[in-house]
Amino acid sequence: LQWIDDNSFKLELEEQGLNDQNIEEWGSWMDWQLQNAFPAGNRPSLTASRLSFSRNELGDEGVRYILDYCKRQGISIQMFKLFKNNIGDAGAAAIGAYIVDCPEPVQQ
């Protein structure tokens, strides 16, 4: 996790062996990162300028988990990299729904 400024970051998690069964560990790790960055709890709306999960083993459930997590935490994603995973129609539909609902424009 690399912070760009007070409310934007990028995260590169390519080739980490992430899949639908272990993606919740990422959510716990991300919770810890956010608590450390904003210990008082007053967190602004956040933007992930780049969120890369490429070259993992994520399927539809894993993609849905990531997107649900970002929605719950108020994180907008500008660039979402998911190539070379196992995403099917349900995962693609979740990405489409996120793009429609995202408060910031998704670039890629």
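Me: Is the crossing of H2 and H3 left-handed or right-handed?
Reply: This is a predicted model, in which local features need pLDDT of at least 70, side-chain atom pairs count only at pLDDT 80 or more, and totals for chains, interfaces and linings use all residues. Residues are numbered from 1 along each chain as its sequence is written, and side-chain values use heavy atoms, with hydrogens and water left out. A crossing counts as left-handed if the near helix is turned anticlockwise from the far one by less than a right angle, and as right-handed if clockwise. The crossing of H2 and H3 is left-handed.

Me: At what angle do the axes of H2 and helix H3 cross?
Reply: Helices (H or I, at least four residues) and strands (E, at least two) are DSSP runs numbered from the N terminus. Axes are lines fitted to C-alpha atoms, for helices over the stretch in contact, and angles between N-to-C directions run from 0 to 180 degrees. The angle makes H2 roughly parallel to H3 (under 35 degrees; over 145 is roughly antiparallel, 65 to 115 roughly perpendicular, the rest oblique). The axes of H2 and H3 (residues 89-101) come within 8 Å and cross at roughly 20°.

Me: How many residues of the contact of H2 with H3 are charged?
Reply: Contact means heavy atoms within 4.5 Å, and Asp 60, Val 63, Arg 64, Leu 67 and Lys 71 in H2 meet Asp 89, Ala 90, Gly 91, Ala 94, Ile 95, Tyr 98 and Asp 101 in H3. Ala, Val, Leu, Ile, Met, Phe, Trp, Tyr, Cys and Pro count as nonpolar, Asp, Glu, Lys and Arg as charged, and the others, Gly among them, as polar. The residues divide into six nonpolar, one polar and, as charged, five.

Me: Is the crossing of H1 and H2 left-handed or right-handed?
Reply: The axes of H1 (residues 23-37) and H2 (residues 60-73) come within 10 Å and cross at roughly 20°. The two helices are therefore roughly parallel to each other. The crossing of H1 and H2 is right-handed.

Me: Which residues does Tyr 65 touch, not counting residues up to four places away in sequence?
Reply: Tyr 65 is found in helix H2. The C-alpha atoms of Tyr 65 and Leu 18, 47 residues apart along the chain, are separated by 12 Å. With the sequence neighbours up to four places away not counted, Tyr 65 touches Ile 23, Glu 24, Trp 26, Gly 27 and Arg 72.

Me: Which residue in S2 is the bridge partner of Gln 2?
Reply: Strands S1 (residues 2-5) and S2 (residues 8-12) pair in the antiparallel sense over three bridges, where pairing requires at least two DSSP bridges. A hairpin of two residues joins S1 to S2, and Asp 5 stands opposite Ser 8. The bridge partner of Gln 2 is Lys 10.

Me: Which residue in S3 stands opposite Lys 10?
Reply: S2 and strand S3 (residues 46-52) run parallel and are joined by five bridges. Opposite Lys 10 stands Arg 50.
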